[in-house]
There are 2 protein chains.
Amino acid sequence: MEGLAQVAGLLADRTRAAFCGALLDGRAWTARELAAHAGVAASTASEHLTRLVEGGLLVEHRQGRHRYVALAGPHVAELLESMVAFAGPDARPRSLRASSASEAMARGRTCYDHLAGQLGIALRSGLVGLGVVTAELAVTEPGMVWLKELGFEPSQRQLSRACLDWTERVPHLAGAAGAHLCRVFFERGWVRRIGSGRAVVLAPAGEQGWRELGIV
Amino acid sequence: MEGLAQVAGLLADRTRAAFCGALLDGRAWTARELAAHAGVAASTASEHLTRLVEGGLLVEHRQGRHRYVALAGPHVAELLESMVAFAGPDARPRSLRASSASEAMARGRTCYDHLAGQLGIALRSGLVGLGVVTAELAVTEPGMVWLKELGFEPSQRQLSRACLDWTERVPHLAGAAGAHLCRVFFERGWVRRIGSGRAVVLAPAGEQGWRELGIV
DNA sequence: GGGACGGTTCGGCGCGGGCCGAAGTGTTCC
DNA sequence: GGAACACTTCGGCCCGCGCCGAACCGTCCC
């Protein structure tokens, strides 16, 4: 259980945990952004990032004078999700600005590579209603046809997976299928990011697209 | 991500991690047993256990002068499994005795409430061959009939789940179905514990039973 | 070249926590 | 009652680590 203690140790610090939480949006952040997000000095952030990269949780990508870091893959996102799901959501925001930001996140956001929040729940209900996935979020045979019409190609990666939503406490669709749909929605401009962060919103074109597909 | 850091902190210590690893066999251990297992003083173990119980990872059960502790439930076992799967198996045993004990564990053991090791793999292959579960370990319709004949009753708990075997690096059957089969096999005396610990073996009666069920 | 900027390295500080042994509590058994 | 035993509490030790600021290194832009 040596390895268990090591990986737990990487996440056992509030600053490193805050980094990982921010990176759960699936995007790459610079060291400074993360430092500001967690409220520590740049030097401190730098050391933490080195540890997280060496521990295999993060990958880095140097570009000019910037150091971009991102989660090392879906397996890391899944690990973090399951730990957050166990720990439960944190006590909630104090400031007004933080509160409105967290409301926007509750409405819709990315969770690593798929949609979450109320938007994720709506997508899930729609797909269940269409018979694309079962109530347990397994892709059905007609569902696979439906996905392939949207350009989905099966791969090594697990087809579908339930990801526990930590604002809604309800599972939404993750895995290869969830990631593909999220990507398609972004490509078509149906979903776009708002504000600074990971909150997303369904654009008018998206509302229409979802209606045409029968999701809503 | 406050909560994430807290739960990670509970597991970030090698002694506490060793406790959890031992408890992954699904049985209740006394404080002394765990202390000996991890090689620390009884007083040290006592403090660690208090923290793990307060953190919700373990439950305790006082009986006379003994303090029994066990994992707080399948959700904890699943959390630990996913972290161990990420971290990978530890470097391997030094002493001869440790080596033969770990060989016995590799042949068969309990993983919280289901079978693991080569025995778990054999069970899984058999069930796939019988069509009880798909290759992805989802229970089929005929499989549910088969399970009900063995006394299985569906519950709230997730029906089946793939648990990554950390000696074999192959998934075996966990979840409600895996737990039920394990329990039935113990009740019928088909599987029994050997030696001090969590290693198990298929008894002669079990070999015959498995043949009759078509598992092997 | 010079200045601004992102990131890193290093030294030093302080706190937290893991460990033990000794002493104490409650239980079991004779 | 007395002895053995499982566990807990407490005091004290020490190491690890998270943090910062200062100095430094590269890159980018004028």
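**Strands, DNA and the chain pair**

Tutor: In S3(A), the residue opposite A:His61 is A:Tyr68. The model is a predicted one, in which local features need pLDDT of at least 70, side-chain atom pairs count only at pLDDT 80 or more, and totals for chains, interfaces and linings use all residues. Residues are numbered from 1 along each chain as its sequence is written, and chains are lettered from A and ligands numbered from 1 in the order in which they are written.

Student: What is the order of the strands in the open sheet of chain A?

Tutor: Helices (H or I, at least four residues) and strands (E, at least two) are DSSP runs, numbered from the N terminus. Two strands pair if DSSP finds at least two bridges between them. S2(A) and S3(A) run antiparallel and are joined by six bridges. The edge strands, each pairing on one side only, are S1 (29-30) and S2 (58-63) of chain A. The pairing in this sheet of three strands is antiparallel, and the order is S1-S3-S2.

Student: How many bridges join S2(B) to S3(B)?

Tutor: Chain B has an open sheet of three strands in the order S1-S3-S2, with antiparallel pairing. Within it, B:Glu60 has B:Val69 as its bridge partner in S3(B), and B:Arg62 stands opposite B:Arg67. S2(B) and S3(B), residues 66-71, run antiparallel, and the number of bridges is six.

Student: Which residue stands opposite B:Thr30 in S3(B)?

Tutor: S1(B) pairs with S3(B) in the antiparallel sense, over two bridges. The residue of S3(B) opposite B:Thr30 is B:Tyr68.

Student: Which residue in the hairpin of S2(B) and S3(B) takes a positive phi?

Tutor: This hairpin has two residues between the strands. The phi in question is near 60 degrees, and the residue is B:Gly64.

Student: Which element gives the largest share of the surface near DNA strand C?

Tutor: A residue counts as near if its C-beta atom, placed from the backbone, lies within 6 Å of the molecule or strand. DNA strand C is surrounded by 20 residues, the closest being A:Arg32, A:Ser43, A:Ser46, B:Ser43 and B:Gly64. Two or more residues come from each of H3 (31-38), H4 (42-54) and S3 (66-71) of chain A, and from H4 (42-54) of chain B. The largest share, five residues, comes from H4(A).

Student: How many residues of the surface near DNA strand D are charged?

Tutor: The residues closest to DNA strand D are A:Ser43, A:Gly64, B:Arg32, B:Ser43 and B:Ser46, out of 20 that surround it. H4(B) gives the most to this surface, with five residues. Ala, Val, Leu, Ile, Met, Phe, Trp, Tyr, Cys and Pro count as nonpolar, Asp, Glu, Lys and Arg as charged, and the others, Gly among them, as polar. By these classes the surface has five nonpolar and nine polar residues, and the number charged is six.

Student: Which element gives the most residues to the side of chain B that touches chain A?

Tutor: Two residues are in contact if their C-beta atoms, placed from the backbone, lie within 7 Å. On that basis 27 residues of chain B are in contact with 27 residues of chain A. The elements of chain B that give two or more residues to this side are H1 (2-11), H2 (14-23) and H5 (74-87). With nine residues, the element that gives the most is H1(B).

Student: Why can the copies be said to meet through the same surface, and which residue of chain B comes closest to the rotation axis?

Tutor: The copies meet through the same surface because 100% of the interface residues of chain B are also interface residues in chain A. Superposed by least squares on the C-alpha atoms of residues with pLDDT of at least 70 in both, chain B can be laid on chain A with an RMSD of 0.1 Å by a turn of 179 degrees and a shift of 0.1 Å along the axis. The two copies are thus related as by a two-fold rotation axis. At 2.4 Å (C-alpha), the residue of chain B closest to that axis is B:Ala8.

Student: Which element of chain A has the lowest mean pLDDT?

Tutor: pLDDT is the predictor's confidence in each residue, from 0 to 100. Chain A has a mean pLDDT of 91, with 95% of its residues at 70 or more. Among its elements H4(A) has the highest mean, 97, and the lowest, 76, belongs to H6(A), residues 96-107.
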